[in-house]
Amino acid sequence: MPPPADIVKVAIEWPGANAQLIEMDQKRPLSSIIREVCDGWSLSGSEQFALRYADGPQLYITEQSRGDIKNGTILRLAISPGRAARQLLERIQSHGIDARLEALKELAKLSADPTFAAEFINMEGIGTLARLVESGNHFGEMLAFTLTAFLELMDHGIVSWDLISLSFIKQIAGYVNQPMVDVSILQRSLAILESMVLNSHSLYHRVAQEITVGQLIGHLQVSNQEIQTYAIALINALFLKAPEDRRQVSELLAAEWTVLEKMSEYLEQATLNSTLLSCYHVIRGNRPIKAEMAHQLYVLQVLTFNLLEERMMTKMDPNDQAQRDIIFELRRIAFDGDTDPTGTEKRKAMYTKDYKMLGFTNHLNPAMDFTQTPPGMLALDNMLYLARVHQDTYIRIVLENSSREDKHECPFGRCAIELTRMLCEILQVGELPNEGCNDYHPMFFTHDRAWEEFFCVCIQLLNKTWKEMRATAEDFNKVMQVVREQITRALAMKPSSIDQLKNKLRSLNYSEILRLRQSERMSQDDFQSPPIIELRERIQPEILELIKQQRLNRLCEGSCFRKLGNRRRQEKFWFCRLSLNHKVLHYGDLEESPQGEVPFELLSDKIPISDIKSVLTGKDCPHMKEKSALKQNKEVLELAFSVLYDPDETLNFVAPNKYEYCIWTDGLCALLGREMGSDLTRSDLDTLISMEMKLRLLDLENITIPEAPPPVPKEPSSYNFSYNYS
């Protein structure tokens, strides 16, 4: 007979004594259980004790969290959080340096526990730590532990960051600005400043007065990737919380480009004999880039591109003479040798002709072409950059098209406007960064005007593709579709510099795009006849079974998942795998990400497959409902799934990537006898069926397969056609 659901069997340890094995009744008050445990070891004052986990983060167990205790859990009897907080506070304020250091070390560890943190904060512990920092008398390990404890306590959100004093901010900023400071102190200081900026509007202004982006650039030149990561995170925080006014944004834009340049310079030093200033060379240099660094680089890229949003959404004022002068300058640069006629009517006619040659849709008033948003004035900015910085290229494009027949000319103005809009869509200008996304493009870190240079490369690609397609005005949308495909395919290859982008685009000419399209359509085009469709239907169940077995085998190998939490805290992991008989899910917490399979013995928790009711995904998951409204969690939302099992319990997952998400959702659906509907299953199904059919039809190469089976011949008039060999 199985034990009642409210009874869990646990072991409880106490230093110097044998562990107690008890059956904990979850309906009994926790204080009653603690009193019973204390009596077993003849300990008085049970109200001064509490239970903690013996493994992992060793959190205190409360009435609210006791439901997470599983059978076989090892617990530890410890002094209560209130008593521990009081003792540590007294030891921190003692005069003995060794005692104070040990107390701060223990405090840094305990501060991650929300129960202890609440008790310590109620005793004005935050103020005590702040005064220790403000005094400036602590250095080395003692200061590092103090800052660690302070940051952990503040991250619980119990105390408002607005209560932080100006002297504390100055002291923390001083550690960041010091040329020689301990790595751990610098790391904590950068993290504290980042939290101040992100959590308090008033503190943003105070921090911005003490720390400038220029001062943070020096920390990008060190060899410690953790320091680089925290420095970029603080830069991103300053960027995110910057005021809306134009002057501040312009300053930050200049500062951001300076950061990119300095990072590129550092990477060039780290990778000898390199001629490309790119972050990619830092990444593939001495050590692999970590996920958090990749994320911060992605955020930096997104926020930098978002500075273009204002111009992208600004319409041109046809009556603004300064803006009209920019269009006039485009005409002047392109047709510099032409002299203006004296008469007003002649000049107007000549301008109209020139604007037509420039490819504007509205020949009489080209300003009207820039009234649509997006791309608004951003398109005009790009055109002006091309005309001024790459003048020869600009003149060649304009004159080359003006010398073609009218029906084959590539309208530069119209193309530049549409291309700018397309690039804004591809790079998602104006979108907020997604939490957990690491998709950054190294080439945008190689030039102080990377966006404009990217446009210049793409407008030349568009002009080249137009010629290769021998396009006319009616083919404009077709050309733009091909150019979009060329750009997206090239960006997917992650070129490390603008020059590499040019090389990749050069290989992706129109003929190559046609070849790729034909190759991708081949399976669809070749297998549309009824006999082939029938063969496909017969093969499909075998392939689906093969995919199902692969998914279940992967679940048996298991996967490591990251627990959702504060990005600055040390990452916490847990592992889950399916039993070899496909009847039980085993899972448990890990201290660090494993390098291979985790034995079943190390996974303390399990769920019978027979108890699983359903698999939830996306916003339906319990752990996503409070987060789904936040735009920055869009990426996490797409990787979330939950297992709902009896009695109304859930096991929540966030897959490390889309591949693992598809593997696990498919495998769980297969275990429940449901259809595997992921994108990966559809892709694998198409690939495997295509390969299997090609193998089966190999002997029929160059033979036309009839649409219908051949007719059955008529019966013979007689059956007397046997031979007698006797």
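This is a predicted model: local features need pLDDT of at least 70, side-chain atom pairs count only at pLDDT 80 or more; totals for chains, interfaces and linings use all residues.
The crossing of α21 past α22 is right-handed.

Helix α22, which spans residues 476-492, also packs with helix α20, made of residues 412-426. Here the axes are 11 Å apart and the angle is about 40 degrees. The pair α20 and α22 is therefore oblique as well, since an angle has to be under 35 degrees to count as roughly parallel. As α20 passes α22, the crossing is right-handed.

Attention now turns to single residues. Which helix holds L151? The place of L151 is in helix α6, which runs over residues 140-155. L151 counts as buried because its relative accessibility is 8%, and the cut-off for a buried residue is under 20%. In sequence, L151 and A112 are separated by 39 residues, while in space their C-alpha atoms are 9.4 Å apart.

A leucine with another setting is L198, found in helix α8 (residues 183-199). L198 is partly exposed, with 33% relative accessible area, so it clears the requirement of over 30% for patch residues. Together with L240 and L432, L198 forms a nonpolar patch on the surface. The accessible area of L198, L240 and L432 together is about 230 Å².

Key. Residues are numbered from 1 along each chain as its sequence is written. Side-chain values use heavy atoms; hydrogens and water are left out. Patches are made of residues with over 30% relative accessible area and no salt bridge: like charges are joined within 9 Å, nonpolar side chains (Val, Leu, Ile, Met, Phe, Trp, Tyr) within 5 Å. Accessible areas come from the Shrake-Rupley method with a 1.4 Å probe; for residues, only the protein chains shown count as cover. A salt bridge is a side-chain nitrogen of Lys or Arg within 4 Å of a carboxyl oxygen of Asp or Glu. Helices (H or I, at least four residues) and strands (E, at least two) are DSSP runs, numbered from the N terminus. Buried means under 20% relative accessible area, exposed over 50%, partly exposed in between (1.4 Å probe, protein chains only). Axes are lines fitted to C-alpha atoms, for helices over the stretch in contact, and angles run from 0 to 180 degrees between N-to-C directions. Angles under 35 degrees count as roughly parallel, over 145 as roughly antiparallel, 65 to 115 as roughly perpendicular and the rest as oblique. A crossing is left-handed if the near helix is turned anticlockwise from the far one by less than a right angle, and right-handed if clockwise.
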